[in-house]
Protein chains: 2
Amino acid sequence: SYCLNDMILEKPHDCSWIRTIGPIKFKNEPPFTEKYFSQIVDHFNFNSMGNGTFNQRYLITEKYWDRKNGPIFFYTGNEGDIWDFALNSGFITELAEQQRALVIFAEHRYYGKSLPFGQESFNIPQVGLLTVEQALADFALLISQLKQELGASNCPVIVFGGSYGGMLSAYMRQRYPNLVAGALAASAPVLSTAGMGDPRQFFRDVTSDFEGYAPECSAAVRGAFQRVQDLAEHQAYDRLQSAFALCKKPSSPGDVRQLKGFLRNAFTLLAMLDYPYSTHFWGDMPAHPVKEPEAESASRKNNHSRASVASPQACTEIELCYESNNVTDMFPAMTFTPAERLAYCSKRWGVTPRPGWLQTQYWGDALSTASNIIYSNGDLDPWANGGVRTSLSPSVVAINITDGAHHLDLRGSNDADPASVISARKTEANLIAQWVAMERLRLK
Amino acid sequence: SYCLNDMILEKPHDCSWIRTIGPIKFKNEPPFTEKYFSQIVDHFNFNSMGNGTFNQRYLITEKYWDRKNGPIFFYTGNEGDIWDFALNSGFITELAEQQRALVIFAEHRYYGKSLPFGQESFNIPQVGLLTVEQALADFALLISQLKQELGASNCPVIVFGGSYGGMLSAYMRQRYPNLVAGALAASAPVLSTAGMGDPRQFFRDVTSDFEGYAPECSAAVRGAFQRVQDLAEHQAYDRLQSAFALCKKPSSPGDVRQLKGFLRNAFTLLAMLDYPYSTHFWGDMPAHPVKEPEAESASRKNNHSRASVASPQACTEIELCYESNNVTDMFPAMTFTPAERLAYCSKRWGVTPRPGWLQTQYWGDALSTASNIIYSNGDLDPWANGGVRTSLSPSVVAINITDGAHHLDLRGSNDADPASVISARKTEANLIAQWVAMERLRLK
C-alpha cells in the first residue's frame with residue numbers, strides 16, 4: 001500500500017512545471033462576513049500547554065435568514081482556507097435562500113488563519129493538537145456559543161461538508177445530536193479512511209474513469225509511466241528534468257519514485273475534479289479535465305499549504321494507505337509499508353500513526369446506528385467507493401450521482417449540470433427540510 | 001450554590017472523629033483476576049507529554065463465559081479502587097452466570113492503581129488529563145483490543161456502571177455504539193451534573209429521606225446545626241473540637257464553615273447509602289443508616305483518596321454546585337459562588353471550570369436520540385432526581401425503584417431486598433438479553 005502522495009510528498013510542490021496562476025476571481029461572491037471566535041486550544045487536557053485560546057476564523061451571513069423560523073446551515077471546514085470551501089459550495093447558499101437559513105462556514109484548526117499557536121503551529125510538539133476530535137469539539141463549542149449569542153437556541157442546525165469535511169459533518173451528527181439535527185456528508189470516504197475496504201479500490205477507480213472516456217487512455221498512461229521508468233533505469237535524468245520542467249535534476253531512485261508518485265497524483269486530481277464545467281477549486285481546471293489533461297497540467301494551482309499540513313493527519317488518524325499495483329490499475333506498482341509510514345511520520349511530525357483509531361472513534365461498522373445523515377457520492381469520483389454507497393436505514397441515506405465527480409452536489413447550480421446532480425440536490429433539500437421540521441418540534 | 005463538599009473539602013478527612021476501621025472482609029469474593037493493559041496517556045494529542053503509555057488495571061473472569069455465544073459485561077469504573085466496585089456489584093456476576101458472560105471491571109484513570117504518571121499523577125500539569133473523554137477513550141481501546149485478543153469480535157458488549165460510573169456507561173453507549181450494544185446506567189445523575197436542573201433538588205431530597213422516617217428528624221438536625229452556629233458565634237471552639245473529636249481546634253469562621261459542610265455531607269452519605277442491610281461499600285454501614293446514624297458516624301471509613309482525586313473532576317467538567325438554603329432543606333444556607341469555585345480550582349489544581357461542557361459533550365437535552373440505555377434510580381437516593389426518571393423512548397428506559405438507595409440494583413441479591421429492586425433487576429435482565437440478541441445478529 002502506498003499513502004496518497006498528495007498527503008505525504010511535499011517537495012515537488014515548489015516546482016515550476018505547474019505554473020502558479022494569479023489571484024483567482026470569483027463571480028457572485030457570497031456575502032460572507034469574516035469573523036473570529038475565541039476557541040479553546042486543548043479540549044481534553046485541563047492543564048496543558050493548550051490551556052489558552054486561539055482565534056478560529058468563520059464566515060457568516062444572515063442575508064437569507066428568517067430569524068424566527070429559519071435553520072442554521074453550518075459547513076464543517078476541512079483541510080484548507082475556509083474561503084476556498086465557501087466559494088465552491090454554492091448549493092449551500094442557494095438552499096439557504098430557499099429555506100431562509102443562517103449560513104456559517106467554520107475553518108478547521110491548523111488551516112487557513114485558524115492557527116492555535118500562530119507561526120509555531122507546525123512545530124513539534126504544537127502540531128500534536130491537530131486531531132479530528134479537537135476539530136469536532138471546536139465546531140461544537142462554536143455552534144453552542146453562536147446559538148446563544150444570536151438568540152437562536154431554537155434554530156435547528158444542519159451541517160454540511162465535502163470530502164474530509166463531509167466525514168466531519170457525519171461525525172458531528174453522530175457525536176453531537178444535541179447540537180446537530182442532520183448532516184449532508186458529500187463524497188466522504190468514511191470507510192476507506194478508517195482502514196475498512198480494499199486498498200486497491202482507489203487507483204482502480206481512477207483508472208476506470210480514464211477508461212470510461214477512451215479505452216486506449218489507460219494503455220497510454222501505462223506506456224508513459226514505463227517510459228519514465230526506462231529513462232530512470234538508464235539514468236537519463238536530464239531528459240526527465242526537461243520533460244517535466246523539474247527545478248532540480250533527479251539524482252536517485254528515491255527522486256524518481258517521488259516523481260512517479262506525483263504524476264500518479266496528478267491523474268488522481270483530474271479524476272476527482274472531473275466536473276462538467278471549468279472550476280477554480282483546486283487551481284484553474286477546464287471542463288471535464290479527464291478528457292483534456294494538457295490544459296490542466298499547465299494551470300494547476302500550487303496548493304502547497306493544504307497538502308503539507310494535511311500530512312500530519314494522514315500520519316495519525318486518517319488512513320490513506322491506498323496501493324497501486326499495475327494490475328488492477330494503470331499506475332506503477334508502488335507500496336508504502338507501515339514501517340515506512342511510521343518512519344516518515346515520526347521524523348517529520350514526531351507522531352506515531354494509530355491504525356484502527358478512526359474506526360474505534362467513529363462507529364466503524366455501526367454507521368447504521370446513527371440517524372439523519374446523507375452520504376452522497378459521484379460515480380466518477382475515485383473516493384466514492386471508499387464511502388457509503390447504499391442506504392443503511394430510512395434516515396441514513398446514500399445518494400449516488402451517476403455523472404458526478406468529487407462533491408459536485410455541493411457546488412452551485414450550473415447550466416452544464418447533469419440531470420443526476422439536479423435530482424440529488426432536490427432529494428437532499430427535501431430531507432434537510434424534513435430534519436429541520438422535526439428538530440423544530442424537539443426544540444420547542 | 002455550594003459544591004458538594006465531599007468533592008471539594010479535604011482537610012477534615014484526616015480527623016479521628018471518624019474512626020478508621022481495619023481492612024474490610026468480603027464473603028463470596030468473585031473470582032476475578034487482576035490484569036494490566038498498556039493504555040495511551042493522551043488520546044487527543046499526538047505530541048504531548050502524554051505520548052507514552054501507562055498501566056491501566058482491570059479485573060476479569062471467564063468463569064461464567066460461554067465463549068461461543070456469551071456476551072461481555074463491562075463495568076466502566078468510576079472514582080475509586082476498582083475492587084470496591086467489583087465487590088459491591090454482585091448483580092453483574094449473578095447476571096453473568098445466568099447469561100454466561102465474560103465479566104470485566106475496568107479501573108478509571110487516576111484512581112486505584114491506574115495512575116498515568118505514577119506518583120506524579122496528581123501534580124500540575126499531569127492531573128490535567130483526568131477527563132471524562134480520556135476515560136471513555138481508555139475504555140473504548142480496552143474493549144476493542146481485549147475483544148481481538150480473546151477472539152471475541154462477535155461477542156456483544158454490555159456496559160454497567162453506578163453513579164458517576166453509570167454516567168460513563170450511558171456515555172459509552174452514546175459515544176461508541178460500534179463497541180457497546182447497551183448500557184445499564186444505575187443512579188447516574190446525568191442531568192444535574194451537566195448543570196441541568198434545580199440546584200436545590202439535592203439537599204431537599206436528602207431532607208425528605210430523613211423526614212420520611214420521622215417528621216421530627218429534620219427539626220432535630222436543624223437544631224443541631226443551629227447549636228453549632230451558636231457555639232461558633234460565641235467562639236466556643238473548645239466545645240466544637242470536643243463534640244466532634246476534631247484533630248485541631250477550629251479557629252476561624254472558615255473552619256466552622258468547613259465543619260458544617262462536612263456534617264452536611266455525612267447526612268448526605270447516610271441517605272445515599274440507605275440500603276436495607278449492612279454494607280461495606282463506603283466504610284462499614286449498618287442496615288438503614290438513615291434510621292441509625294450513630295452507628296454510622298462511629299464507623300465510617302476514611303475514604304480520603306476517592307474524595308480528593310475526584311475534586312479535580314468537580315473542578316472541570318462535573319457540575320456539583322448544589323445549594324442548601326435552610327428553607328427547602330434542613331441544612332444551613334451554604335452558597336459557593338462560581339468565583340469561589342474558580343479560585344479554589346485554579347489554586348488547588350491549576351484548572352479552570354468549564355460550565356456547560358458536559359451538556360455540550362454528552363447530548364444535553366437530546367438523550368432520547370440514543371438507544372439501548374437503562375437509567376435506573378432509587379427513590380431514596382438524593383441523586384435520583386438529578387437523573388432520568390421517565391422513559392425517553394422505547395429503548396431509552398427509566399426504571400424507578402421505590403425502596404432503593406444509591407444503585408441498590410447493582411448489588412447482589414439479598415434476603416432483605418425489597419420487591420421493587422427484585423422486579424427492577426428482572427426488567428434489566430430481560431432488556432439486556434434482548435440487546436445481546438439484537439447485537440449478535442448485527443455482528444454476524
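Reader: Which residue of chain B meets A:Arg442 in a salt bridge?

Author: The model is predicted. A salt bridge needs a Lys or Arg nitrogen within 4 Å of a carboxyl oxygen of Asp or Glu. For A:Arg442 the N to O distance is 3.4 Å, and the partner side chain is that of B:Asp365.

Reader: How many salt bridges does the rule find across the interface of chain A and chain B?

Author: The pair A:Arg442 and B:Asp365 meets in a salt bridge. Across the interface of chain A and chain B, the rule's count is two.

Reader: Which element gives the most residues to the side of chain A that touches chain B?

Author: Elements giving two or more residues to that side are α4 (132-149), α5 (164-175), α13 (357-361) and α14 (419-443) of chain A. With six residues, the one that gives the most is α4(A).

Reader: What area is buried between chain A and chain B?

Author: The contact involves 47 residues of chain A and 46 residues of chain B. Carbon and sulfur atoms give 54% of the buried area, which is about 3,600 Å².

Reader: Which residues of chain A lose the most area to chain B?

Author: Together they account for 22% of what the chain A side buries. They are A:Phe44, A:Phe46 and A:Asn47.

Reader: How many residues are in the largest nonpolar core?

Author: Those with the most contacts inside this core are A:Phe105, A:Phe160, B:Phe105 and B:Phe160. Beyond its neighbours within four places in sequence, A:Phe160 is in contact with residues including A:Phe73, A:Phe91 and A:Ile432. The core's residue count is 232.

Conventions. Residues numbered from 1 in each chain as written. Chains lettered and ligands numbered in written order. Predicted model: local features only at pLDDT ≥ 70, side-chain atom pairs only at ≥ 80, totals over all residues. Heavy atoms only, no water. Contact = heavy atoms within 4.5 Å. Buried area = accessible area lost by both parts, 1.4 Å probe. Helix = DSSP H or I, 4+ residues; strand = E, 2+ residues; numbered from the N terminus. Core = buried A, V, L, I, M, F, W, Y, C linked by side-chain atoms within 4.5 Å. Buried < 20%, exposed > 50% of the residue type's maximum accessible area, 1.4 Å probe, protein only.
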